[in-house]
Amino acid sequence: MALAAQVLGKMAIKLGQSNYEYLQLEVELKDNTKLNKLHWDAEEKQFSDFGLHSHNVKLVRKQVKDENGNPRVIKVRKVIEQPRLRLVPHTGYIQLFPFLMKILESDSEQLGATLDMIADPEKLWTDFGLRSLAKSDPMFNERNTEHDPPYWRGNIWININFLAVHALDFYSDEPGPYQTQAQTLAIRLRQNLIGNVFRNYKETGFIWENYSESDGKGQGCHPFTGWSALTVLLMGETKF
């Protein structure tokens, strides 16, 4: 929302209109004090969504009848613990967005904790890029439904990793206690991403939709030169 307000403000100026309301909204949405109050989970040391959530849900087998009356078995979601209002206690790409959008102040403890989360092999860090859900998360590599594979529950996606590298580049240029840590992570993450995509291209001849967090192998659609082609910009160390 903060980025949208920023973009709309710039568009308003281009169109010769006032950007005051968009600017005010952008400033409010980037207010770290409000952001921390609404979304910082002090126990988990991460930013989280807030809403109705149950942490105890699983897929179970259920026998039903098809249109011809024949019995068959399907999998359905069973909610064991009723949802309640809470900070959603998962760790993945969602927790990175204040960082990815470069909203965090460069001297904030929240930035330091986010960088630690990125660098933790039990959470997001792998030798091939940042995984989409922490290895330690109970939903890691678990299906959402019978027909919904866990694409975003562990796999490595280039679009989010691209944003992560550029956010790390940004904070490596910002004075503060985490400048060196951000710079080191930016170099390592860029190298891991480029190396893995290039290795897969040499072995298979394809750029892939996403990559395995365990061995880096390409997965999903191929050839996939959509957001995975952002690797070229990573190679050029393009900044924006």
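So, of the 240 residues in this protein, 40% are buried. Keep in mind that this is a predicted model. The average pLDDT is 92, and 100% of the residues score at least 70. If you go element by element, the highest mean belongs to α5, at 98, and the lowest to strand β4, residues 57-65, at 79.

Overall layout, quickly. We have 8 helices and 8 strands, and along the principal axes the C-alpha atoms fill a box of roughly 65 × 50 × 40 Å. The accessible surface is about 14000 Å², with carbon and sulfur atoms making up 54% of that. And on contacts: taking those with a separation of 6 or more, 56% are between residues 24 or more positions apart.

Now, the helix I'd like you to look at is α5, residues 109-119. How many of its 11 residues are buried? It's 8, so mostly covered, taking under 20% relative accessible area as buried. Those are Gln 110, Leu 111, Gly 112, Ala 113, Thr 114, Leu 115, Met 117 and Ile 118. And what covers them? The list includes helices α3, α4, α6 and α7, plus the strands β1 and β2.

Asn 36 sits in helix α3, which runs over residues 32-39. Skipping residues up to four places away in sequence, Asn 36 touches Phe 47 and Gln 110, and Gln 110 is one of the buried residues of α5.

Let's go inside. The largest nonpolar core has 40 residues. Which of them have the most contacts inside it? Leu 96, Phe 99, Leu 115, Ile 118, Leu 130, Leu 168 and Leu 189. Helices α4, α5, α6 and α7 each put in at least two residues, and α6 gives the largest share, with 8.

Leaving out neighbours within four places, Phe 99 contacts Leu 104, Leu 111, Thr 114, Leu 115, Ile 118, Ala 164, Ala 167, Leu 168 and Tyr 171.

Last stop, the aromatics. There are 10 aromatic pairs in the structure. Why do we call Trp 152 and Trp 227 edge-to-face? Because their planes are at 70°, and over 60 is the cut-off; the ring centres are 6.5 Å apart. That pair links distant parts of the chain, with Trp 152 in the loop between α5 and α6 and Trp 227 in the loop between β8 and α8, 75 residues apart.

Trp 227 has another edge-to-face partner in Trp 157, at 5.9 Å centre to centre and again 70° between the planes. Trp 157 is in the loop between α5 and α6, 70 residues from Trp 227.

Trp 152, at 41%, counts as partly exposed, and Trp 227 is partly exposed at 31%. All three belong to one aromatic cluster, together with Tyr 93, Tyr 151 and Phe 224.

How values were computed
Residues are numbered from 1 along each chain as its sequence is written. This is a predicted model: local features need pLDDT of at least 70, side-chain atom pairs count only at pLDDT 80 or more; totals for chains, interfaces and linings use all residues. Side-chain values use heavy atoms; hydrogens and water are left out. Helices (H or I, at least four residues) and strands (E, at least two) are DSSP runs, numbered from the N terminus. Contact means heavy atoms within 4.5 Å. Buried means under 20% relative accessible area, exposed over 50%, partly exposed in between (1.4 Å probe, protein chains only). A nonpolar core is a set of buried Ala, Val, Leu, Ile, Met, Phe, Trp, Tyr and Cys residues joined through side-chain atoms within 4.5 Å. Rings of Phe, Tyr and Trp (its six-membered ring) pair if their centres lie within 6.5 Å; planes under 30 degrees apart count as stacked, over 60 as edge-to-face and the rest as tilted. pLDDT is the predictor's confidence in each residue, from 0 to 100. Accessible areas come from the Shrake-Rupley method with a 1.4 Å probe; for residues, only the protein chains shown count as cover.
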